[in-house]
Amino acid sequence: MRFALIENKRVEAQPKHQGICPNCSQPVIAKCGDKKVWHWAHRTIRSCDSWWEPETEWHRNWKNNYPAEWQEIVLFDEQTDEKHIADVRTIHNLVIEFQHSAIKPEERISREKFYKNMLWVVDGSRLKRDYPRFKKSVGNFKRTKQQGVYVVDFPDEVFPKSWLNSSVQVVFDFCGLTTPDKDEIKNTLWCLLPQKDVTQAVVVGFRKSDFLQMTHYRNQLFSPAEKPQQKQITPQQPQFIIRRRAPTHYFHKGKWVKIRRF
Ligand SMILES: [Zn+2]
């Protein structure tokens with residue numbers, strides 16, 4: 001965890017400090033070594049939250065795209081008495097979970113049920129095969145009338161299997177910890193929409209800056225008007241090279257504003 005409580009304040013790990021876990025109120029100790037990002041760890045148990053995964057630099061970098069007050073938010077379900085720590089919950093009540101490790105289907109389903117209004121950001125660079133397989137498939141993506149929205153046949157040949165049946169949006173970050181290079185496909189965040197049909201999926205490509213804007217200002221990634229609907233999409237011819245069209249709108253103070261050309 002990045003934050004523990006000391007005198008009821010959320011503080012980051014500092015060498016030799018002790019704090020209290022905001023989830024289970026047990027003591028936690030600061031781990032401030034050279035190998036892992038500085039964090040708080042429970043003395044006795046691995047973590048009080050069975051969903052918690054050891055934090056990597058990738059997690060920390062992603063979380064830090066959002067204000068500290070939105071990070072590591074303890075959420076409690078009164079009906080089930082369950083308590084979990086969301087990686088990020090925005091002020092608009094959108095939960096964003098950053099997933100680096102493999103996840104079992106049961107856990108993915110439980111987390112989606114618990115957080116409800118959530119989306120996943122997945123580290124697509126963890127397994128070496130994932131990005132080459134994705135990149136090879138991009139040439140077969142079918143463009144639609146909506147900019148950045150594609151129809152993908154046989155998504156099981158494009159995406160890691162564990163994410164195919166997700167009931168929420170799954171955003172793949174293929175850059176991982178590498179600095180962006182000229183590979184436009186890799187630099188794009190690719191969002192897999194929940195599928196209704198196993199043979200076809202809808203995928204949306206974003207610039208990371210757009211994704212961050214949208215998740216900062218809204219309670220969901222797409223506004224109802226923009227939301228790509230699988231049924232309404234008329235696939236056009238397969239596109240062999242992704243060429244980014246010049247953007248027609250930019251996101252400013254929570255609204256899409258048309259770019260004026262002179
Ligand atoms: Zn705890």
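Glu184 counts as partly exposed because 15 C-beta neighbours lie inside 10 Å; the class covers residues between buried (20 or more other C-beta atoms within 10 Å) and exposed (12 or fewer), with C-beta atoms placed from the backbone. The model is predicted: local features need pLDDT of at least 70, side-chain atom pairs count only at pLDDT 80 or more, and totals for chains, interfaces and linings use all residues. Residues are numbered from 1 along each chain as its sequence is written.

Glu184 belongs to helix H4 (residues 184–187). Helices are DSSP runs of H or I with at least four residues, strands are E runs of at least two, and both are numbered from the N terminus. From Glu184 to Arg207 the C-alpha to C-alpha distance is 9.5 Å, at a sequence separation of 23 residues.

## Lys142 and strand E10

Strand E10 (residues 142–143) contains Lys142. Lys142 is partly exposed, since 18 other C-beta atoms lie within 10 Å. Asp153 is 11 residues from Lys142 in sequence and 8.5 Å from Lys142 in space, C-alpha to C-alpha.

## Nonpolar cores

A nonpolar core is a set of buried Ala, Val, Leu, Ile, Met, Phe, Trp, Tyr and Cys residues joined through C-beta atoms within 7 Å. The largest has 42 residues, of which Ile96, Val171, Cys191, Leu192 and Val203 touch the most other members. Strand E9 (residues 118–123) gives the most to this core, 5 residues. A second, separate core has 7 residues, among them Phe3, Ala4, Cys21 and Trp40.

Beyond neighbours within four places in sequence, the contacts of Leu192 (C-beta atoms, placed from the backbone, within 7 Å) are Phe159, Trp163, Gln169, Val170, Ala201 and Val203.

Key
Contact = placed C-beta atoms within 7 Å.
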